[in-house]
Amino acid sequence: MRIRLSLYRRTPFLSFSLYGLLWWTAYVWSWKTKEVRFPFCPRQNDKKMMSTEAKPFLKWAGGKGQLLSQLDEHLPEVLQNHEFIYIEPFVGGGAMLFHMLRQFPNITHAVINDINPHLVTAYRVIKEQPGQLINRLSALEQEYFSQPDEEAKREYFLNVRNIFNEVELDDIDRTKYLMFLNRTCFNGLYRVNGKGKFNVPFGRNLHPTICNADTILADSEALNRADVTILNGDFERTADEMRDGLNFFYFDPPYRPLNATSSFNSYVKEEFNDDEQTRLRDFCARLNEQTNVRWMLSNSDCSAKNPEDTFFEDIYADFNIHRVYASRAINANPSKRGKLTELLIKNYE
Ligand SMILES: C[S@@+](CC[C@H](N)C(=O)[O-])C[C@H]1O[C@@H](n2cnc3c(N)ncnc32)[C@H](O)[C@@H]1O
């Protein structure tokens, strides 16, 4: 020991580099395991931070989580070995967005858009102010959990819903309440009435995870890493965001109802009717005229339900139409899969 210490004293460079090596090992280890302590979140600091990947921070009707592997099979091959811009004009809960950001480090820039202003605010807050959001959301979560019984929790939920609908809020509080309502309302739905007010009832889920700090931080990092531009408006705006090089669009618009009563379509008060579906097709047809654009679009498979309803086959006759199995229909035995398919329409082979 004495020999070693004296060796270090005599060779400061050696001791410096050993110290540096130790420091780097610890740093890389903490990065890999995400064992960093987050100064703002008391709950988070109680436990080891888990290694979490970027994923949707809200439950959103029409989420693509269950379809991702099938969507993967239909992506253009060129994405594997070229840098590209990723554009998602109807981002919703972002299952495909976060999946793409995880899978493709060669995305040089991404653009997301949604017409729902509160949803877009949430993406911006998560990108730019994740720490403050975690602070406020975990405080709200603790207050909710401290309510003595189901009735008190229901009252608390209704009060938050009222604040969300009626009060001017800063962006962080707006996002905090959106995430709270999403976790505690019935079925994690986001639905508004004709006046644009959130109207989903209490979900009786008494112990939901409301503040998932790991996910918020992972999402924030992913949104910053890919330099994601976040827009609020109509899908057509995204055309202005294309850049030189390859642009890949993924469209997941509100689905066309399979019948008059079946489908959920109330993300915003404006209806996405057949005229809107046709306007979207026109937009896709214009994009198709540009050589550096590939696009893929999901929608409901209306003709599987009613063979006479060939709306999509007609309006997308110039493009490639495929069918994928929706989650509920997935069965190891293809003969038992039934007809719960969705359409995937592409402007490439
Ligand atoms: C089916 S959801 C998207 C689901 C999402 N891809 C996911 O995985 O969770 C459709 C989204 O389109 C948005 N939307 C509706 N009309 C729109 C429009 N004209 N322009 C842009 N977004 C619109 C809705 O707010 C909703 O979030």
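Reader: Which residue in β5 does Asn247 stand opposite?

Author: Asn247 stands opposite Val293 in β5. Before going on, note that this is a predicted model, where local features need pLDDT of at least 70, side-chain atom pairs count only at pLDDT 80 or more, and totals for chains, interfaces and linings use all residues. Residues are numbered from 1 along each chain as its sequence is written.

Reader: What counts as a strand or a helix, and what counts as pairing?

Author: Both are DSSP runs numbered from the N terminus: helices are H or I with at least four residues, strands are E with at least two. Two strands pair if DSSP finds at least two bridges between them. Here, β4 and β5 pair in the parallel sense over 5 bridges. On β1, 4 bridges join that strand to β4, and the two run parallel; Ile87 has Phe249 in β4 as its bridge partner.

Reader: What is the strand order in the sheet?

Author: The sheet is open, with 7 strands in the order β3-β2-β1-β4-β5-β7-β6 and mixed pairing. Its edge strands, β3 (228-232) and β6 (320-325), each pair on one side only. From one strand to the next, the twist averages 15°. For an antiparallel case, take β6 and β7 (residues 341-346), paired over 6 bridges; there Arg323 has Leu343 in β7 as its bridge partner.

Reader: Is β4 mostly covered or mostly exposed?

Author: Count neighbours: a residue is buried if 20 or more other C-beta atoms lie within 10 Å of its own, exposed if 12 or fewer, and partly exposed in between, with C-beta atoms placed from the backbone. In β4, 5 of its 6 residues are buried, so the strand is mostly covered.

Reader: Which helix lies across β1, β2 and β4?

Author: First, the contact rule: the C-beta atoms of two residues, placed from the backbone, must lie within 7 Å. Axes are lines fitted to C-alpha atoms, for helices over the stretch in contact, and angles run from 0 to 180 degrees between N-to-C directions. Helix α5 (residues 95-103) lies across β1 (84-88), β2 (107-114) and β4 (246-251), running at about 175° to β2. Helix α11 (residues 274-288) packs on the sheet too, touching β4 and β5 (293-300), and its direction makes about 160° with that of β5.

Reader: At what angle do α6 and α9 pack?

Author: Helix α6 (residues 117-128) and helix α9 (residues 171-184) pack at about 110°, with axes 9 Å apart. Angles under 35 degrees count as roughly parallel, over 145 as roughly antiparallel, 65 to 115 as roughly perpendicular and the rest as oblique. α6 and α9 are therefore roughly perpendicular. Residues that meet include His118 and Thr121 in α6, and Asp171 and Ile172 in α9.

Reader: How do α7 and α10 cross?

Author: The axes of α7 (residues 130-145) and α10 (residues 213-225) come within 10 Å and cross at roughly 165°. That makes these two helices roughly antiparallel. Pro130, Leu133 and Ile134 of α7 make the contact with Ala213, Ile216, Leu217 and Ser220 of α10.
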